[in-house]
Amino acid sequence: MKMKLATVALSALMAAGPAMADLVFPSLSYRTGPYAAGGIPFADGYADYFTLLNERDGGIGGVPAKVIECETGYNTEKGVECYESTKGEGALVYQPLSTGITYQLIPKVTADGIPMHTMGYGRTSAKNGKVFSHVFNYPANYWDGASGAINYLLEENGGDLSGKKIALVYHNSAYGKEPIRTLEELSKKHGYELITLPVDHPGQEQKSQWLQIRRDKPDYVLMWGWGVMNQVAIQEAANIRFPMENFIGIWWSGSENDVLPAGDGANGYKALTFHNVGSDYPLYDDLKKYVLDAGKAAGAGDQVGTVLYNRGLYAAMLAAEAAKKAQEISGKADITAADMRDGMEALEMTEEKMAELGLPNFGPIFTVTCENHGGDALVGVTQWDAASKTWTLISDFKPTDGEVIGALIEEDSGAYAAENNIEPRCN
Amino acid sequence: MPDQLIYAMEVILNGLMAGVLYALVALGFVLIYKASGIFNYAQGVMALFAAMTLVGIMNGQVPFAHLINAIFGGHITHFGWNIPALLAIILTMGVMVLLAWAVQHFVMRHLVGQEPIILFMATIGLAYFLEGVADLMWGSEIKTLDVGLPQGINLWIDETTYNIFGYGFFIDNLDIVATIIAALLVAALVAFSQYTKQGRAMRAVADDHQAALSVGISLNFIWVMVWSVAGFVALVAGIMWGTKSGVQFSLSLIALKALPVLMLGGFTSIPGAIVGGLIIGVGEKLFEFAVGPLVGGATENWFAYVLALIFLVFRPQGLFGEKIIERV
């Protein structure tokens, strides 16, 4: 009710005032290059949600949203160029969709006063809002993913992983190495043995790693992969007849793209997630009516409801909700990047809010604060059914090990603050 | 027998199989280099293009559908039919012949007599152009390729080795098929170049362009033929690698796996590509098995190049390459 009143008040304000500029949401997308298969559905979902808001609601708080797409090709240099070329357009928030681009943009967005949202990727310790004033990584980060996987396995094993063997197959890059420290710390706590198996980019040849898995017989395999590495790993796991229900990928290893090439062999494979799957939500009815059937979809419309489309749509939804919060806090509809940052820092996602948006249980409930830019770190697990070619959420969004992750975040963000002479805020 | 020795035998066998797959990619490079002296940077992209075309034809996909829809409106994506794998392979081969003709007619013909570096640059341009065309033509989503090749563990080998060693070896059925196909392919290529008129003409062009021209051999025809054969080899490599990982843009990066094979086997020898592939395959897998765990793993990519460099130091022309002696 409060939100509706605020919306009415803002709309009235807009009607009375002068014409306002659009709310600009740059989309650093990658629709070309080797990773386009992952970039296209995300970019489509991101753009389609804002199109829906414009067509159905007249924008956000009465101001139209404008998505400016810039092609990065998943290339860090191009990503930085995209940032530089679009920031002057009144950009409210950046979602760089690449850990490499994120690292380059952290000092830039902080200096320019534009917030950046790295949902499920980027610099994990950016969760510490006391150090990273303009970077947000709610609702979950890589270390939450690692802990979420272990918590899930703890549940599967009656709370005891001692004596179990867990292998991590990872992309041999900064991204792939992210979970290792967390998994090592958790292995000390829970008594499992961790085997790490790096796979060099791009990951088309993984015979050595899977022969080792066949010899060592780990109880579970976790995967931090991207691109072709995912498809090959799932195929190789099927080839050696590794039990798929014991194979869990991070959320970047859990889309339809990753499992379809392996056919029936991928059945039962699991992946972590921080948002729900499928298209059985009231919002998708509106999406069909106002965007798809109206011929206003960003892409061919064939990605709707896929994992990565949903992720793009979820990212847009969180950006739009933060923008609404910013409008509420600032009392004006045409918010600036500084207002947007404040809105993101005060964002609260509740079940009621998601239901009201037509996306009940679409993501975890969480609250962002000045100190905590990463939300409540709730992680779920999905499973692939090869026969119906669908993912199903098989667990609730559950908490991760804040004790272990919190200490690691303090350590890493503390080192960053010391290197960059950053005075902790939020006092 | 000690476990480590048994495991090493399994690694060697898998290395040999992986080597065959590397050799399949390297063969395409060798064919073009041997006939025209061009290092074809686009060979990996040709494998991608061929595999995408094959899947597109099999699935009855409308080429350039996005472009057509954007220009004329509408939502056409498929013709509504599926084509059997064998027919689709033949049709794809037709497309690769057309591509070979286009490359020769629009690019290479105009560069006759230029420095090798210019020709190499032209193939870089060709690679990026072809990648863009493939994207526009068939879309960039990951496509499942199933031409009926078997995949997964070979149970007979698993059981037999288990009975002998008490440990069943893993050999992928797809790798066995790839080995048989590669053997047939090499035999066919050797027979073609030794026993057919066109094959002999190809060898003549490879030996000396001017001399071949003087006896009435058409350079244009031979080069179109060579690019077509390289296109066919690319199609075979694309099918093998695409079956493993799905057909996607990373497929073009398989060329990286062929470079150390070429350095080792020589740029002008078909048997060299095969032997080079086998040495690289076994070498990198054994190194990863024995040394990888001590240094954190992921040694295969760089060790393949180290191995190739070691061979280069002692035999710059590669194992089977032709020794170049220039008299002053």
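Strand S9 of chain A (residues 270–273) is covered on both faces in this predicted model: A:Lys270 and A:Leu272 on one side, and A:Ala271 and A:Thr273 on the other, are all buried. Here, buried means that 20 or more other C-beta atoms, placed from the backbone, lie within 10 Å of a residue's own. Helices (H or I, at least four residues) and strands (E, at least two) are DSSP runs, numbered from the N terminus.

S9(A) has pairing partners, where pairing requires at least two DSSP bridges between two strands. With strand S8 of chain A (residues 247–249), S9(A) pairs in the parallel sense over two bridges, and A:Lys270 is the bridge partner of A:Ile248. With strand S12 of chain A (residues 378–385), S9(A) pairs in the antiparallel sense over four bridges; there, A:Leu272 stands opposite A:Val381.

Turning to the contact between the chains, 31 residues come from chain A and 33 residues from chain B, with contact meaning that C-beta atoms, placed from the backbone, lie within 7 Å. On the chain A side, helix H2 (36–57), strand S6 (193–199), helix H7 (207–216) and helix H8 (228–239) each supply at least two residues. H8(A) gives the most, with six residues.

Residues are numbered from 1 along each chain as its sequence is written, and chains are lettered from A and ligands numbered from 1 in the order in which they are written. As the model is predicted, local features need pLDDT of at least 70 and side-chain atom pairs count only at pLDDT 80 or more, while totals for chains, interfaces and linings use all residues.

How values were computed:
Contact = placed C-beta atoms within 7 Å. Buried ≥ 20, exposed ≤ 12 C-beta atoms within 10 Å, placed from the backbone.
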